[in-house]
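Let's take a walk through this fold together.

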Amino acid sequence: PRYSVHLDSGAIKALVFGHTWIGQVNESLPFIQQVDTDGTVAYRSERSFIIGAATVEKDQLCLRFEADFQGRKNCGYVYHNPEGTVGKQNEYVYVNARSLMYFSVMP
């Protein structure tokens with residue numbers, strides 16, 4: 001699929017803060033990620049459970065986990081997947097230096 005325009009800061013904030021993402025990392029590893037309204041993020045997969053912080057900067061979602069990526073901030077763009085569905089949990093794509101996350105936002 002082609003993702004031409006990344007979401008802006010306002011749209012990213014609406015998808016992130018106070019919401020839960022469910023999807024797959026790198027198209028094979030299921031994950032759940034929850035972000036509180038204050039930016040505290042909990043990421044869980046069959047390989048890890050880590051807690052960190054989420055911020056939105058310059059139209060990018062930035063995640064920082066002390067236990068991952070040497071505690072450095074990892075930022076990337078979020079795109080809408082025009083071919084994605086809730087059932088496939090791939091309505092959106094988050095791309096950063098470490099991963100490609102396909103996800104849908106849980107109601």
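Predicted model: local features only at pLDDT ≥ 70, side-chain atom pairs only at ≥ 80, totals over all residues.

Residues are numbered from 1 along each chain as its sequence is written, and side-chain values use heavy atoms, leaving out hydrogens and water.

Eight strands form a closed barrel, running β1-β2-β3-β4-β5-β6-β7-β8 with antiparallel pairing. Strands here are DSSP runs of E with at least two residues, helices are runs of H or I with at least four, and both are numbered from the N terminus; two strands pair if DSSP finds at least two bridges between them. For a close-up, take β4 (residues 49–57) and β5 (residues 60–65), which pair in the antiparallel sense over six bridges. There, Glu57 stands opposite Gln60 in β5.

Now for helix α1 (residues 9–16), which packs on the sheet and touches several strands, including β1, β4 and β8 (contact means heavy atoms within 4.5 Å). Ser9, Ile12, Leu15 and Val16 of α1 are buried, meaning under 20% relative accessible area with a 1.4 Å probe, protein chains only. Viewed down the axis of α1, the buried residues fall within an arc of 125° (taken from the directions from the helix axis to the C-beta atoms), so they line one face of the helix. Just after α1, Gly18 has a positive phi of about 80°.

Finally, look at Leu61: setting aside neighbours within four places in sequence, its contacts include Ile12 and Val16, along with Trp21, Val78 and Tyr94.

Notes
Axes fitted to C-alpha atoms, helices over the stretch in contact; angles between N-to-C directions. Buried < 20%, exposed > 50% of the residue type's maximum accessible area, 1.4 Å probe, protein only.
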